[in-house]
Amino acid sequence: MSESVLTSIALLGTGRGGEMPACPNEALEGVWASLETSQLLPAAALEECSLASGRVLSRGESLPLAPSDDRELIPPAAGDCLAQILKGNHAACFGEFIDQALAQNLRAPNALVPLLLNYGQRHREVRADLRRLVGERGAWLAQLRGRWDWLSTREAGGDDLWGVGTPEERLTWMENARRDDLPAAISLIQECWKGEEPAFKVALIEVSSESLSPNDEVWLEPALSDSRKEVRAAATKTLLRIPSSFRARSRERALACLNLKRNSLEVEPPEEFDPAWKNDGLREKPPAKTGARAWWLRQLLTRVPLSDWPEMLGVAPGELFSLKVSSDWQEALHLAWLDSAKEHPVPSFVPALVKIFPQNLSDLLQPISVEESYEILDELPADLVLPQLVRLASPPQKNHSCLKVILKSLFKEKVYSRPEAQALALCLPPDRIADALTSISKRKSINSMTEEFARTLEFRQSYLKHLIT
Amino acid sequence: MKSSNWETPFLFAMGNLHLLLQAWKTRKELDEDLREEVEQFVGLPVSKEDVLARPMVEDSWFVASRILLEQDRLSTSITWLYGVNSGRWAKTLKFGALGQKPLEIWPLGGTVKTGMHFYLGTTNARAIPANEGAPAKLELPNIPNRHFSDLIEEYADLRGRNPWHRRQPFIGLIAPGKDGTLLDAEGNALSCSASAAKIDAFYTLSGGHPILSCAEWDGHSLNLLSAQSDGQLIDFS
């Protein structure tokens, strides 16, 4: 709104004298001349009316046009479901919705693009999918509005963003920079590494692990002796994913403790803690109730990715876990394998590991794909399966025998919360939904968890029928 | 008022209130239409029967926007309907208890064939439909393209006849412009008072192109109410 010529008089008070300001509009000249400062309010009404009625149009400047996107839009009925999900209703269905829409090469309805970009701002893990879903229209909007920097290109953020941006902006900038020019990005990390906060160091390692290269060793190696445990752990994990010198010397140290004789693996922990190990992130002092040698052994063996073990020992992958361990150090060896399986999962090893560590099922399944998890769950007893299905909360590509446990558990009231019921509803493949709903409808009465399960299935049906052709 | 620039709007509001009080004092000297409007502004009730007894305007009414206001322990649903043949605007109001959305039968973007009984007044758009149960068709009618110059001229005329007339709806092709402006099909600009979220949504819907949109003009800025995209009228209110 334009400023009033009367504001000063209004703020000072009409009783303080002074003259009426100049007439703000020539159309008011006659009447304005007859007014005194004491007639402030009629003057204000006149001025407002003349301002609002006397608007003069000016030429505007257009925006650059958004590039066209030839992909088809998500159908309106499915788009309504996506709007519901983004509002927090049936939020657990988000992943499946996005997967199905992308599988059909559909793009998001324009009306939902800002909401999806806001979602991506809060959920880093879905950004790659959202980038595809919002397509050209989303990138155009982000650039125009100078927001959602995670979607913008590196140029759009400006090179100084690395120096002056927020942690989130800097991470996004580095993610893009690594894609564009990896050597230059690595140099920048090296330059700033020492002055960064521990949490940012960990986040930087995580962002970098998406585009890891052997050249990253130069800045990751010093991070092994960082004063903070979480930084050391992140650097250790990441360095073991590239052919680094750390990986080579870790293997040598482990081999010094192992001796394979036919089918028997002899394990002998070191007698003393080598001070050089400290620089590689190993801790000398064991935790409570753990012997020092067992602790050193576990740390040394954990630093060999599980995938390297068969070749290191010269055995076939299938033989590794059936080797006899002829020493008192079997527990330390097993714990090292478990640690390694969590950090560097090998899906083909999981069935054998599950037999050794049934109590660690969640840890072992966590890093492997949904499909691989279902294959393993098919072989396990029902009481172990249900919690894993709740954790997975994703449908397999084909039917699996382990899914039978879902309806049985619901009907026997072994599902205790709504989130659990919703998660289980997400485990059924799309072609099983109708059958499950029919089975539920045939029951004389159903409990509240089964109701919740059915509601989620119906919601899934309402969008899947538009997304799956 | 939270805004740091509260002085001018406050002064103008006080000026207009003063003008209304003056008009109330001398209402017997006013024309019947303007007197009716002054009485309605002050809050005197108008009976529904009196309005329904007035002649009606038959047209196909396009449901161009719907605003839900929740204040004074009341939910008010304000619908702007555009007469496709007459070019006239009608405003219907429905009320409910706070937190209860008044029931609206006609969807946004629908077109309804019915008569409309208008309240008495020189510039009054408030109306009551003759047939509130008339079916709505969800198809976009042919709406003649109007420009901001038409809106400004019309608004000046309305304010000249009724100085308390505040908001006038506009429907036509609108594109987003630079610096928070909105552009009509001739490239003329008016400032926009929409929130950042509304502007994000309008940018995305338009992709920079002019799209059929409905907005309210208060003499100072346009407030976006709805816009068409992907074959649907999207609500911005």
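**Strand pairing across the chains**

I started at S58(A), which stands opposite A189(B) in strand 9 of chain B. This is a predicted model, where local features need pLDDT of at least 70, side-chain atom pairs count only at pLDDT 80 or more, and totals for chains, interfaces and linings use all residues. Side-chain values use heavy atoms, without hydrogens and water; residues are numbered from 1 along each chain as its sequence is written, and chains are lettered from A in the order in which they are written.

I then looked up the strands themselves: strand 1 of chain A and strand 9 (residues 188–191) of chain B run antiparallel and are joined by two bridges. Strands pair here if DSSP finds at least two bridges between them. Helices (H or I, at least four residues) and strands (E, at least two) are DSSP runs, numbered from the N terminus.

**The A/B interface**

Next I checked how much the chains bury. Chain A and chain B bury about 3800 Å² between them, 64% of it on carbon and sulfur atoms; that is accessible area (1.4 Å probe) lost on putting the two parts together, summed over both. I noted 44 residues from chain A and 45 residues from chain B in the contact, with contact meaning heavy atoms within 4.5 Å.

For charges, I found five salt bridges across the interface, each a side-chain nitrogen of Lys or Arg within 4 Å of a carboxyl oxygen of Asp or Glu. I looked at R145(A) and D200(B), whose side chains form a salt bridge at 2.5 Å, N to O.

Which elements of chain A supply at least two residues each to the side that touches chain B? I listed helix 1 (7–12), helix 3 (40–53), strand 1 (58–59), helix 6 (113–122) and helix 7 (127–145). Helix 3 of chain A gives the most, with 11 residues. By class, I have 27 nonpolar, eight polar and nine charged residues on this side of chain A. Ala, Val, Leu, Ile, Met, Phe, Trp, Tyr, Cys and Pro count as nonpolar, Asp, Glu, Lys and Arg as charged, and the others, Gly among them, as polar.

**L63(A)**

I found L63(A) in the loop between strand 1 and helix 4 (76–86) of chain A. Is L63(A) buried or exposed? L63(A) is buried, with a relative accessible area of 8%; buried means under 20%, exposed over 50%, partly exposed in between (1.4 Å probe, protein chains only).

Leaving aside neighbours within four places in sequence, I see L63(A) in contact with L144(A), P176(B), G177(B), K178(B) and Y203(B). L63(A) and L144(A) are 81 residues apart in sequence and 8.5 Å apart in space, C-alpha to C-alpha.
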